[in-house]
Each structure stands twice: as C-alpha cells, then as structure tokens.
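Please have the model open beside you.

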Amino acid sequence: MENCLFCKIIDKSIPSDIVYENDNLLAFNDINPEAPVHVLIIPKIHIPTLNDLKKEHVGLLGELVFTAGILAKKLGIDKDGYRTNFNCNDAGGQTVYHIHLHLLGGRHFSWPPG
Ligand code: 5GP
Ligand code: ZN
C-alpha cells in the first residue's frame, strides 16, 4: 500500500526500532510510547482495520497475539503484567490504518481505560 505508514516501515523506507521480525510480522517500538514498554506488532500484509479481517487471517492474528506473549517475556513484563489492544476506527482511537497490536507494560493500567 503506497500511502500506508506501516507498510513503509515494513519495507524499511521509513526507519523504525525493530524488536522482532519474521516472514509474517514486524514488531517495533512505538515512536510516542504510552508506557516504558510500548511495542507495535503488525502483519506484513496490509489490512486497514479489524473490520477488514477475513477468516483466512485468523492464523495470522493468532500469531500476532502469540508474539505479544513471547515479547512480553523477552522484555521482562510478563510477571508484573501488561496490556494488549487493537484500536478500530476513529471512536476506537485508531490513527494508523494498518492493523497493529499494542503491547504496553512497565507501569500499571486501570480498567476501564480513560
Ligand atoms: P493507533 O492510534 O492507530 O492505535 O496507534 C498508532 C500508533 O502508531 C501510535 O501509538 C503512534 O505513536 C504510533 N506511530 C505513529 N507514527 C509512527 C512512526 O512513524 N513510527 C513509529 N514507530 N510509531 C508510530
Ligand atoms: Zn499498510
């Protein structure tokens, strides 16, 4: 996708601080972190929002969530705990229209979020 910021991060035309990468996904530090640990985990294929998911994407989504757990351990936030979330569309707080799983940790989060 030509005008997608995260597709440009995937093809490395825009630099990012990469935490993990494989054939299916990329994980990198958020440029404006909301917590001491704030990683974005994204699929390498362009899917704009959760509303665009198809059944064929279920395995890929599972891999994103699985990777969040692996990275939480690697980054030392697994024992204290952490938050994962997908934002969808404007009311959900989505600003970049390429799905991404936020992995946040290193501080306490309340529920419901503000
Ligand atoms: P959203 O609000 O769509 O759920 O999350 C988008 C996230 O992308 C935000 O937390 C924002 O800080 C992050 N972000 C926006 N532009 C860039 C960028 O160029 N590089 C990185 N690493 N993160 C970005
Ligand atoms: Zn994209």
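In this predicted model, strands E1 (residues 18-21) and E2 run antiparallel and are joined by three bridges. To find one of these pairings on your screen, look for Glu21, whose bridge partner in E2 is Leu26. Three residues lie between E1 and E2, and the two strands form a hairpin.

E2 also pairs with E3 (residues 37-43), again in the antiparallel sense, this time over five bridges.

Is E2 mostly covered or mostly exposed? Covered is the answer: of the five residues in E2 (residues 25-29), four are buried.

Now turn to the nonpolar side chains. In soluble globular proteins, such side chains tend to be buried together. The largest nonpolar core in this model has 17 residues, and Ala27, Val39, Ile41, Leu64, Leu71 and Leu103 have the most contacts inside it. Two or more residues come from each of E2, E3, helix H2 (58-74) and strand E5 (101-105). The biggest contributor is H2, with six residues.

Leaving aside neighbours within four places in sequence, Ile41 is in contact with residues including Leu25 and Ala27, Leu64, Ala68 and Leu71, and Leu101 and Leu103. Thr67 and His100 are also among the contacts of Ile41.

Methods: Residues are numbered from 1 along each chain as its sequence is written. Chains are lettered from A and ligands numbered from 1 in the order in which they are written. This is a predicted model: local features need pLDDT of at least 70, side-chain atom pairs count only at pLDDT 80 or more; totals for chains, interfaces and linings use all residues. Side-chain values use heavy atoms; hydrogens and water are left out. Buried means under 20% relative accessible area, exposed over 50%, partly exposed in between (1.4 Å probe, protein chains only). Two strands pair if DSSP finds at least two bridges between them. A nonpolar core is a set of buried Ala, Val, Leu, Ile, Met, Phe, Trp, Tyr and Cys residues joined through side-chain atoms within 4.5 Å. Contact means heavy atoms within 4.5 Å.
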